[in-house]
Amino acid sequence: MTRLSRRIACAILASPFSIAPAFADTTLQYQVAGEKAPQSLFVKDGQVLIKSAGGDGELDILFNRSRNAAFLIDHRKQAYMPVTEQRVAELVSQVQDVQPLLRGLGEQLKKVSPEQRAKWSDILGGVDLDRITAKSEDSRPIVLAQVGTAKTQGGYACSKVELRQGGDKKGDICLASAETLKLPAGDYETLRAMLLFSSRIAEKAKGVAARYVDLGPLPTVNLTEYPGIPVELHDASSQQAATLTLSRVNSDVFPPGVMAIPESYAAKKLKFW
(Lines give C-alpha, C1' and ligand atoms only; values in the text may rest on other atoms or scores of the structure.)
Protein backbone atom coordinates (compact mmCIF):
# COMPACT_ATOMS: atom_id res chain seq x y z
CA MET A 1 0.00 0.00 0.00
CA THR A 2 1.20 3.47 -0.83
CA ARG A 3 2.53 5.28 2.26
CA LEU A 4 -0.27 6.74 4.31
CA SER A 5 0.99 10.30 4.17
CA ARG A 6 -0.17 13.60 2.72
CA ARG A 7 -3.80 12.65 3.22
CA ILE A 8 -6.48 15.25 2.82
CA ALA A 9 -9.56 14.80 4.94
CA CYS A 10 -11.40 18.01 5.76
CA ALA A 11 -12.38 18.81 9.37
CA ILE A 12 -16.18 19.22 9.62
CA LEU A 13 -18.55 19.93 12.51
CA ALA A 14 -22.29 19.72 12.95
CA SER A 15 -24.96 22.41 12.80
CA PRO A 16 -28.32 22.05 14.54
CA PHE A 17 -30.39 22.73 11.43
CA SER A 18 -30.25 23.68 7.77
CA ILE A 19 -32.84 24.86 5.27
CA ALA A 20 -31.33 22.58 2.60
CA PRO A 21 -32.46 18.94 2.08
CA ALA A 22 -31.11 16.38 4.55
CA PHE A 23 -28.87 14.74 1.95
CA ALA A 24 -27.70 15.69 -1.54
CA ASP A 25 -24.70 15.29 -3.82
CA THR A 26 -22.23 17.81 -2.38
CA THR A 27 -18.69 18.58 -3.54
CA LEU A 28 -16.20 20.69 -1.56
CA GLN A 29 -13.09 21.75 -3.45
CA TYR A 30 -9.95 22.78 -1.57
CA GLN A 31 -6.72 24.29 -2.80
CA VAL A 32 -3.77 22.82 -0.90
CA ALA A 33 -0.50 24.76 -0.78
CA GLY A 34 2.16 23.09 -2.86
CA GLU A 35 -0.36 21.11 -4.89
CA LYS A 36 -1.20 22.13 -8.47
CA ALA A 37 -4.56 20.37 -8.62
CA PRO A 38 -7.32 21.12 -6.09
CA GLN A 39 -8.50 18.39 -3.70
CA SER A 40 -12.17 17.46 -3.89
CA LEU A 41 -14.38 15.86 -1.24
CA PHE A 42 -17.60 14.21 -2.42
CA VAL A 43 -20.40 13.77 0.13
CA LYS A 44 -23.48 11.61 -0.39
CA ASP A 45 -25.81 9.48 1.75
CA GLY A 46 -23.61 9.29 4.84
CA GLN A 47 -20.31 8.82 3.02
CA VAL A 48 -17.34 11.03 2.09
CA LEU A 49 -15.09 10.17 -0.84
CA ILE A 50 -11.67 11.78 -1.23
CA LYS A 51 -10.37 11.17 -4.74
CA SER A 52 -6.63 11.15 -5.45
CA ALA A 53 -5.83 11.60 -1.76
CA GLY A 54 -2.72 13.69 -1.18
CA GLY A 55 -2.25 14.08 -4.93
CA ASP A 56 -1.87 10.32 -5.49
CA GLY A 57 -4.09 9.50 -8.47
CA GLU A 58 -4.19 5.82 -7.52
CA LEU A 59 -5.34 6.30 -3.93
CA ASP A 60 -8.82 7.19 -2.67
CA ILE A 61 -10.27 7.40 0.85
CA LEU A 62 -13.90 6.52 1.55
CA PHE A 63 -15.41 7.33 4.96
CA ASN A 64 -18.62 5.56 5.94
CA ARG A 65 -20.52 7.20 8.79
CA SER A 66 -22.80 4.28 9.70
CA ARG A 67 -19.83 1.87 9.90
CA ASN A 68 -17.61 4.40 11.71
CA ALA A 69 -14.73 3.44 9.44
CA ALA A 70 -12.61 4.70 6.58
CA PHE A 71 -11.37 2.65 3.64
CA LEU A 72 -8.06 3.24 1.87
CA ILE A 73 -8.64 2.25 -1.75
CA ASP A 74 -5.50 1.32 -3.67
CA HIS A 75 -6.24 1.24 -7.39
CA ARG A 76 -2.72 0.01 -8.21
CA LYS A 77 -3.25 -3.19 -6.26
CA GLN A 78 -7.03 -3.27 -6.76
CA ALA A 79 -7.44 -3.62 -3.01
CA TYR A 80 -8.81 -1.72 -0.03
CA MET A 81 -7.91 -1.57 3.65
CA PRO A 82 -10.48 -0.75 6.35
CA VAL A 83 -9.28 1.77 8.96
CA THR A 84 -11.04 1.33 12.32
CA GLU A 85 -10.23 2.53 15.81
CA GLN A 86 -9.81 -1.06 17.01
CA ARG A 87 -7.35 -1.96 14.24
CA VAL A 88 -5.27 1.18 14.76
CA ALA A 89 -5.07 0.47 18.51
CA GLU A 90 -3.81 -3.06 17.76
CA LEU A 91 -1.15 -1.78 15.36
CA VAL A 92 0.00 0.93 17.76
CA SER A 93 0.53 -1.72 20.43
CA GLN A 94 2.63 -3.77 17.99
CA VAL A 95 4.73 -0.77 16.98
CA GLN A 96 5.40 0.21 20.59
CA ASP A 97 6.67 -3.30 21.30
CA VAL A 98 9.20 -3.40 18.43
CA GLN A 99 9.99 0.29 18.03
CA PRO A 100 13.13 0.32 20.26
CA LEU A 101 14.63 -2.62 18.35
CA LEU A 102 13.81 -1.16 14.94
CA ARG A 103 15.12 2.26 15.94
CA GLY A 104 18.43 0.77 17.05
CA LEU A 105 18.74 -1.19 13.83
CA GLY A 106 17.78 1.88 11.80
CA GLU A 107 20.53 3.94 13.44
CA GLN A 108 23.10 1.26 12.61
CA LEU A 109 21.91 1.01 9.01
CA LYS A 110 22.40 4.74 8.49
CA LYS A 111 26.06 3.85 7.93
CA VAL A 112 25.38 1.58 4.95
CA SER A 113 24.50 2.42 1.35
CA PRO A 114 20.93 3.26 0.28
CA GLU A 115 20.82 -0.01 -1.65
CA GLN A 116 21.69 -2.03 1.44
CA ARG A 117 19.15 -0.11 3.53
CA ALA A 118 16.52 -0.94 0.93
CA LYS A 119 17.41 -4.63 1.14
CA TRP A 120 17.11 -4.59 4.94
CA SER A 121 13.76 -2.84 4.64
CA ASP A 122 12.52 -5.63 2.35
CA ILE A 123 13.86 -8.31 4.69
CA LEU A 124 11.91 -6.71 7.56
CA GLY A 125 8.70 -6.73 5.56
CA GLY A 126 8.80 -3.23 4.10
CA VAL A 127 9.60 -1.29 7.29
CA ASP A 128 10.41 2.35 6.51
CA LEU A 129 13.56 2.72 8.62
CA ASP A 130 13.77 6.46 7.98
CA ARG A 131 10.36 6.90 9.58
CA ILE A 132 11.19 4.65 12.48
CA THR A 133 14.32 6.65 13.33
CA ALA A 134 12.76 10.07 12.73
CA LYS A 135 12.40 12.44 15.66
CA SER A 136 9.13 12.00 17.53
CA GLU A 137 6.49 14.69 17.11
CA ASP A 138 5.59 17.06 19.92
CA SER A 139 3.14 15.15 22.12
CA ARG A 140 1.91 18.13 24.14
CA PRO A 141 -1.85 18.69 23.83
CA ILE A 142 -3.15 21.31 21.42
CA VAL A 143 -5.36 23.95 23.03
CA LEU A 144 -8.05 25.76 21.01
CA ALA A 145 -9.36 29.28 21.53
CA GLN A 146 -11.75 31.54 19.67
CA VAL A 147 -9.89 34.67 18.61
CA GLY A 148 -10.70 37.97 16.94
CA THR A 149 -13.85 38.84 15.08
CA ALA A 150 -15.57 37.25 12.11
CA LYS A 151 -13.83 37.56 8.75
CA THR A 152 -14.52 36.64 5.15
CA GLN A 153 -12.44 34.14 3.20
CA GLY A 154 -13.19 33.35 -0.43
CA GLY A 155 -16.59 34.97 -0.06
CA TYR A 156 -17.48 32.88 2.99
CA ALA A 157 -18.00 34.44 6.44
CA CYS A 158 -16.07 32.47 9.04
CA SER A 159 -14.89 32.52 12.66
CA LYS A 160 -11.23 32.09 13.56
CA VAL A 161 -10.00 29.44 16.02
CA GLU A 162 -6.35 29.47 17.12
CA LEU A 163 -4.34 26.34 17.91
CA ARG A 164 -1.55 26.45 20.50
CA GLN A 165 0.79 23.79 21.82
CA GLY A 166 2.44 24.82 25.04
CA GLY A 167 3.24 28.49 24.53
CA ASP A 168 3.70 28.12 20.78
CA LYS A 169 1.12 29.01 18.17
CA LYS A 170 0.68 26.08 15.80
CA GLY A 171 -1.83 27.63 13.45
CA ASP A 172 -5.41 28.74 13.06
CA ILE A 173 -8.55 27.61 11.29
CA CYS A 174 -11.42 29.76 10.03
CA LEU A 175 -14.76 27.97 10.32
CA ALA A 176 -17.90 28.72 8.28
CA SER A 177 -21.39 27.56 9.21
CA ALA A 178 -23.47 25.05 7.25
CA GLU A 179 -25.94 27.82 6.45
CA THR A 180 -23.19 30.03 5.03
CA LEU A 181 -22.05 27.23 2.73
CA LYS A 182 -25.63 26.09 2.00
CA LEU A 183 -24.85 22.52 2.98
CA PRO A 184 -27.57 19.91 3.55
CA ALA A 185 -27.84 18.96 7.23
CA GLY A 186 -27.16 15.27 6.60
CA ASP A 187 -24.05 15.95 4.57
CA TYR A 188 -22.83 18.41 7.18
CA GLU A 189 -23.25 15.86 9.96
CA THR A 190 -21.49 13.20 7.89
CA LEU A 191 -18.50 15.48 7.50
CA ARG A 192 -18.59 16.15 11.24
CA ALA A 193 -18.52 12.43 11.92
CA MET A 194 -15.46 12.10 9.71
CA LEU A 195 -13.64 14.81 11.64
CA LEU A 196 -14.40 13.21 15.00
CA PHE A 197 -13.32 9.83 13.65
CA SER A 198 -10.04 11.31 12.40
CA SER A 199 -9.33 12.96 15.75
CA ARG A 200 -9.91 9.67 17.60
CA ILE A 201 -7.62 7.83 15.16
CA ALA A 202 -4.93 10.48 15.69
CA GLU A 203 -5.29 10.16 19.47
CA LYS A 204 -4.67 6.42 19.25
CA ALA A 205 -1.89 6.63 16.63
CA LYS A 206 0.72 8.54 18.61
CA GLY A 207 4.49 8.57 18.20
CA VAL A 208 5.86 6.66 15.23
CA ALA A 209 2.45 5.18 14.47
CA ALA A 210 1.04 8.64 13.77
CA ARG A 211 3.28 8.86 10.70
CA TYR A 212 1.52 5.88 9.16
CA VAL A 213 -2.12 6.73 9.88
CA ASP A 214 -2.70 10.20 8.52
CA LEU A 215 -6.15 11.10 7.24
CA GLY A 216 -5.64 14.79 6.64
CA PRO A 217 -3.42 17.88 6.68
CA LEU A 218 -5.49 19.73 9.26
CA PRO A 219 -4.39 19.53 12.90
CA THR A 220 -6.20 16.48 14.24
CA VAL A 221 -7.89 18.25 17.12
CA ASN A 222 -11.39 17.87 18.45
CA LEU A 223 -13.40 20.88 17.28
CA THR A 224 -16.64 19.77 18.90
CA GLU A 225 -17.10 23.06 20.73
CA TYR A 226 -16.32 25.10 17.60
CA PRO A 227 -18.98 24.40 14.95
CA GLY A 228 -18.26 25.07 11.31
CA ILE A 229 -16.37 23.86 8.27
CA PRO A 230 -12.77 25.01 7.72
CA VAL A 231 -12.60 27.41 4.79
CA GLU A 232 -9.01 28.38 5.55
CA LEU A 233 -6.09 26.87 7.45
CA HIS A 234 -2.82 28.56 8.38
CA ASP A 235 0.03 26.38 9.56
CA ALA A 236 2.43 28.50 11.61
CA SER A 237 5.08 25.76 11.64
CA SER A 238 5.61 25.84 7.86
CA GLN A 239 7.37 28.37 5.65
CA GLN A 240 4.24 28.78 3.53
CA ALA A 241 1.58 30.09 5.90
CA ALA A 242 -1.66 29.43 4.02
CA THR A 243 -1.83 25.67 3.51
CA LEU A 244 -5.49 25.06 2.73
CA THR A 245 -8.38 27.14 1.40
CA LEU A 246 -11.91 26.24 0.37
CA SER A 247 -12.41 27.42 -3.19
CA ARG A 248 -15.77 25.97 -4.21
CA VAL A 249 -18.92 24.20 -3.00
CA ASN A 250 -21.44 22.77 -5.44
CA SER A 251 -24.29 20.26 -5.66
CA ASP A 252 -23.64 18.63 -9.03
CA VAL A 253 -25.13 15.13 -9.29
CA PHE A 254 -22.56 12.31 -9.01
CA PRO A 255 -22.36 9.48 -11.56
CA PRO A 256 -23.89 6.17 -10.37
CA GLY A 257 -21.53 4.01 -8.30
CA VAL A 258 -18.99 6.74 -7.59
CA MET A 259 -19.36 6.35 -3.80
CA ALA A 260 -18.59 2.62 -3.74
CA ILE A 261 -15.54 0.36 -3.55
CA PRO A 262 -15.22 -1.63 -6.81
CA GLU A 263 -16.68 -5.10 -6.29
CA SER A 264 -13.61 -6.81 -7.77
CA TYR A 265 -11.24 -5.23 -5.22
CA ALA A 266 -9.85 -7.46 -2.45
CA ALA A 267 -10.01 -6.56 1.24
CA LYS A 268 -6.67 -6.41 3.06
CA LYS A 269 -5.81 -5.71 6.69
CA LEU A 270 -4.44 -2.29 7.57
CA LYS A 271 -0.73 -2.40 8.41
CA PHE A 272 1.95 0.19 9.02
CA TRP A 273 4.46 -1.53 6.71
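1. Of the 273 residues in the chain, 45% are buried (under 20% relative accessible area with a 1.4 Å probe, protein chains only; exposed is over 50%, partly exposed in between). Keep in mind that this is a predicted model, where local features need pLDDT of at least 70, side-chain atom pairs count only at pLDDT 80 or more, and totals for chains, interfaces and linings use all residues. Numbering runs from 1 along each chain as its sequence is written, and side-chain values use heavy atoms, with hydrogens and water left out.

2. On secondary structure, the chain has five helices and 13 strands (DSSP runs numbered from the N terminus: H or I of at least four residues for helices, E of at least two for strands). Among contacts (heavy atoms within 4.5 Å) with a separation of 6 or more, 63% join residues 24 or more positions apart.

3. Now the core. The largest nonpolar core holds 47 residues, and V48, V83, L181 and V231 have the most contacts inside it (such a core is a set of buried Ala, Val, Leu, Ile, Met, Phe, Trp, Tyr and Cys residues joined through side-chain atoms within 4.5 Å). Helix α5 (residues 185–204) gives the most to this core, with seven residues. A second, separate core has nine residues, including A69, F71, F254 and M259.

4. The whole structure has one disulfide (cysteine sulfur atoms within 2.5 Å): C158 to C174, with the sulfurs 2.1 Å apart. C158 sits in strand β9 (residues 156–165) and C174 in strand β10 (residues 168–176), so the pair ties together parts 16 residues apart in sequence. Both C158 and C174 are buried. The S-S torsion is about 90 degrees, so this disulfide is right-handed.
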